[in-house]
Amino acid sequence: MKVLLLENVHAVAQETFRRHGLEVEARSGSLGEAELIEALKGVTVVGIRSNTKVTRAVLDACPDLRAIGCFCIGTNQVDLTRATELGIGVFNAPFSNTRSVVELVIGEILALARRLPEKTQRMHDGVWDKSAKGAYETRGRTLGIVGYGNIGTQLSNMAEAIGMRVAFFDTADRLAHGNAQRMGSLEELLEESDVVSLHVDGRPGNAGLFGGEQFARMKPGAVFINASRGMVVDDLALREHILSGHLSGAAIDVFPVEPKAQGDLFESPLRGLDNVILTPHVGGSTEEAQEEIGTFVSSKLSAYILDGATALSVNLPDVAPAPREGSFRIALLHRNVPGVLASINRTLAEAGANVIGQSLATRGELGYVVTDTDDHVTPETLASLRHVAEAVHLETWHQDAAE
């Protein structure tokens, strides 16, 4: 089986796959749709980060693909609905780079408060600009966090540790950490915050969440930070509010359109603005985070491909079957309707197969059952299971080798 890794996934992932006997090809950049379809011929597992889009067209054109690893937090770059319909498991790393993103945001808050981006640029230009004008301490100022999930809550804790007050807004019911105050609306948060930091996911409903109306609501002299998704923010509107002086600075790590490969030209209306920090989508790009992500996602993918384990899958029911050396394993993804398990076991019993272990879980409209027998099941019996009316996808293994 072959694994294709794109976008500079950490080398530890390659080591994990090769240790399990998988062939690995690694590429540095992302691929467009047509290029990706060509590259995925004969590929069982693809590993991507945030820039490669695995669309419905890609999934339909790549019948050998069984699993997708998103070596990042988000999975909106994958057509999850189609992947699930085809029985393709999708895995990500929802927690591994949280600390790295938070540390970047804290550093940006401090740097923008002291206007360090323009200070250091003027020093490089040979200008000695020793002035306290526009430079402030962050202690006692209010940080407004939009999106209070894994990153938002850890940012909340760290911001309080440096003396900031914290307010947050989330559409979900989230427990406040420390002394953080939940705001009743986004508008209320914007009006109260000296710094606004976005930490929302990439669901379609968040596209265009932050535009001219929201920037106008922010306090005069406030700072804006986006380390979530590029499509959430109208960068042209942000430019206008920076140039007008309504906002005193910004830090942006994600963009609506990002270059595909290292060294490609970067274009943005935010280039060249004073007290604006632009970083190339590196919120989670620390050695520690990338190694942790590489280890975590590759381990989950290997367990799925080699053993049928779906623990922490984004789109499949959660099953973690215990290994049974010498057994014959059958993993069937099926529509979640009554009677499927009985039908599977009846088919196996009629074929004289002895079931020695079985794990089942359901998730929404899907069910996933892993069955171990003490000997091979005949091709005719497997064909019967594949043609169960509710079947979506079936895989088989003997011991540690995928068939």
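These are my notebook entries on a few places I looked up in this structure.

**Ground rules.** The model is predicted, and I kept local features only at pLDDT of at least 70 and side-chain atom pairs only at pLDDT 80 or more, while totals for chains, interfaces and linings use all residues. Residues are numbered from 1 along each chain as its sequence is written, and side-chain values use heavy atoms, with hydrogens and water left out.

**Entry: the start of the chain.** I began with β1 (2–5) and β2 (23–26). Helices here are DSSP runs of H or I with at least four residues, strands are runs of E with at least two, and both are numbered from the N terminus. β1 and β2 pair in the parallel sense over four bridges; strands count as paired if DSSP finds at least two bridges between them. V3 has V24 as its bridge partner in β2. On β3 (residues 45–48), β1 again pairs in the parallel sense, over three bridges. There the bridge partner of V3 is V45.

I then looked at helix α1 (residues 11–19), whose buried residues are V12, A13, Q14, T16 and F17. I take buried as under 20% relative accessible area, exposed as over 50%, and partly exposed as in between (1.4 Å probe, protein chains only). What covers these residues of α1 includes β1, β2 and α11 (287–307), by contact, meaning heavy atoms within 4.5 Å. After α1 comes G21, with a positive phi near 85°. β1, α1 and β2 make a right-handed β-α-β unit: with the strands pointing away from the viewer, the path from the first strand over the helix to the second runs clockwise.

**Entry: the seven-stranded sheet.** Which order do the seven strands of the open sheet take? I noted β8-β7-β6-β9-β10-β11-β12, with parallel pairing. β8 (181–182) and β12 (276–278) are at the edges with a single partner strand each, so one side of each has no neighbour in the sheet. Within the sheet, β6 (residues 142–146) and β9 pair in the parallel sense over four bridges. I145 stands opposite S197 in β9.

**Entry: D194.** D194 is in the loop between α8 (186–192) and β9 (195–198). Is D194 buried or exposed? D194 counts as buried because its relative accessibility is 14%. A polar atom of its side chain lies 2.8 Å from the backbone nitrogen of T142. The side chain of D194 also makes a polar contact with the side chain of K219, at 2.9 Å. By polar contact I mean a pair of N or O atoms within 3.5 Å; within protein, one must be able to donate a hydrogen and the other to accept it, and residues adjacent in sequence count only if both atoms are side-chain atoms. Leaving out residues up to four places away in sequence, D194 touches R141, T142, K219, A222 and V223.

**Entry: aromatic rings.** I found six aromatic pairs in the structure. Rings of Phe, Tyr and Trp (its six-membered ring) pair if their centres lie within 6.5 Å; planes under 30 degrees apart count as stacked, over 60 as edge-to-face and the rest as tilted. One of the pairs is F210 with F215, edge-to-face at 5.1 Å centre to centre and 65° between the planes. F215 also pairs edge-to-face with F224, at 5.0 Å and 80°. F210 and F215 are buried, and F224 is buried too. F210, F215 and F224 form one aromatic cluster.

**Entry: R66.** R66 is in the loop between α3 (56–61) and β4 (67–70). R66 is buried, with a relative accessible area of 11%. Its side chain makes a polar contact with the side chain of E395, at 3.3 Å.

**Entry: a hairpin and positive phi values.** Strands β14 (residues 355–363) and β15 (residues 366–373) run antiparallel, joined by eight bridges. A361 stands opposite Y368. Two residues lie between the strands of this hairpin, and G364 in the turn has a positive phi of about 60°.

Most residues other than glycine have a negative phi. I noted R115, with a positive phi near 55°, in the loop between α5 (98–113) and α6 (116–124). N275 also has a positive phi near 55°, and lies in the loop between β11 (247–252) and β12. N275 counts as buried, at 1% relative accessibility.
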